[in-house]
Every structure is written in structure tokens, then in C-alpha cells.
Amino acid sequence: LILPYKNGYLSTVCCDIALNKLEQENITFSKLHNWLSLEIARQPEKDFNFDIATNIIDKYDVDIKKYHFSCVKKYSNLKEIAYLLNNCSAGYKNLISDRLQLIAIADDEGVKALIEIQNNYIVQAKLYNNVPANKNSFINNLIITFAKEIGLKINTSDVIINNFSLLNKAS
């Protein structure tokens, strides 16, 4: 089996690793493209850290209720989140920096939403399939609580501030 990759083919090492994992995980043909794309992004020669200052990364590392907010720091993490949320956020790989960050919201079951922050403004907040976060009132309020806690402004219709009740962080 030869697995094509853009204008050439995967390296033998990469191909062997991918084939071994493919056999172990029993990936269906319909999911093969996304799975292989993730595996390639995880290869050390393909993965990279985004150029984001540590103080910015630390600022967004917050727990509210049973949810964890974290800055997307690596390309392979971005690819995985894009796959899990079924969106095109992986296209941001050349935009993420000190001025634009993507923040994942997750619980023990996985990623629930992704927030785009530009210059201390929340400009997008999406659930699975790019559904606006305001379609889930709990996640909507969670995002508002997060914004208030770390001093962000909200500039998107993806989050509705009306009828907001601050979530008690201690719970």
C-alpha cells in the first residue's frame, strides 16, 4: 500500500508508522483522509509550536466549572480540534500569533467549542459544525464568564450577552 501525500509519497518511516496505527485502530475508509491528515501533522518533522508568548498562553489556561479553557499551542492540536469540531479552523495555522489565538473549551468527554480571540476581543465562538456558541446557553454563559474573568471584550454575535447569569466558579 502506497499512501500519496501532495506531490509525492509519504516517507517509508511515516508510512510504516501510519500503517501500523491504521491496522491497530481499524479506521474505516470514510474516515481515512482525516485520520491520515492528523497522523501526518503529528509527525515531528511536520508539527510545530505557534509563536505565542508564554504569558498569553498562561492567561487563557482557565478552569470554570468542569470545563478547561486552553490556548491552542501546536499545529497537530489545531488539526485534531478542527477534526473533532468538524470545522475549518486548521486553516488558521499561519495566522495564530500574539495577536490572534484560538482557545479550546473542553471537558472530560472532549472539545466542546473553539473561541477566536484577536487583540483581547472574542470575535468568534463556535460549537461543532461551526454552530454559534449562543445555540448552547450553558456554553454561551461559560464563554461570558471566561471573558469577564480574564478581561476580554466580546465582539461577535456568536455569544449573546443578554440574559446572562455569571457562573459560580467555585462550583
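1. Start at one ring. The charged end of Lys 93 sits over the ring of Tyr 75, 4.9 Å from its centre. A charge counts as over a ring if NZ of Lys or CZ of Arg is within 6 Å of the ring centre and within 35 degrees of the ring normal.

2. A word on the basis. This is a predicted model, in which local features need pLDDT of at least 70 and side-chain atom pairs count only at pLDDT 80 or more, while totals for chains, interfaces and linings use all residues. Residues are numbered from 1 along each chain as its sequence is written, and side-chain values use heavy atoms, with hydrogens and water left out.

3. Tyr 75 also belongs to an aromatic cluster, together with Phe 48 and Phe 50. A search of the whole structure finds five aromatic pairs. Rings of Phe, Tyr and Trp (its six-membered ring) pair if their centres lie within 6.5 Å; planes under 30 degrees apart are stacked, over 60 edge-to-face, and the rest tilted. The rings of Phe 48 and Phe 50 are edge-to-face, because their centres are 5.5 Å apart and their planes stand at 85°. Phe 48 is partly exposed, at 31% relative accessible area. Phe 50 is buried, at 8%. Buried means under 20% relative accessible area, exposed over 50%, and partly exposed in between (1.4 Å probe, protein chains only).

4. Tyr 67 and Phe 138 make a tilted pair, 5.4 Å centre to centre with 45° between the planes. Tyr 67 lies in strand E4 and Phe 138 in helix H5, so this pair ties together parts that are 71 residues apart in sequence. Helices (H or I, at least four residues) and strands (E, at least two) are DSSP runs, numbered from the N terminus. Tyr 67 counts as buried at 16% relative accessibility. Phe 138 counts as partly exposed at 31%.

5. Now the core. In soluble globular proteins, nonpolar side chains tend to be buried together. Here the largest nonpolar core has 39 residues. Such a core is a set of buried Ala, Val, Leu, Ile, Met, Phe, Trp, Tyr and Cys residues joined through side-chain atoms within 4.5 Å. Tyr 60, Phe 69, Ile 115, Ile 143 and Phe 146 have the most contacts inside it. Elements giving two or more residues to this core include helix H3 (54-59), strand E4 (67-71), strand E6 (110-118) and helix H5 (137-150). H5 gives the most, with seven residues.

6. Tyr 60 deserves a look. Leaving out residues up to four places away in sequence, its contacts include Phe 69, Cys 71, Ile 103, Ile 117, Phe 146 and Leu 152. Contact means heavy atoms within 4.5 Å.

7. Last, the charges. The whole structure has three salt bridges, each a side-chain nitrogen of Lys or Arg within 4 Å of a carboxyl oxygen of Asp or Glu. Lys 112 bridges to Asp 107 (3.7 Å, N to O). Lys 112 also bridges to Glu 109, with the closest N and O atoms 3.8 Å apart. Lys 112 is partly exposed at 26% relative accessibility, whereas Glu 109 is exposed at 71%.

8. Asp 158 and Lys 126 meet in a salt bridge at 3.2 Å, N to O. Asp 158 lies in the segment after strand E8 (153-154) and Lys 126 in strand E7, so the pair ties together parts 32 residues apart in sequence. Asp 158 is buried at 6% relative accessibility. Lys 126 is buried at 16%. Elsewhere, shared partners join Asp 107, Glu 109 and Lys 112 into one salt-bridge network.
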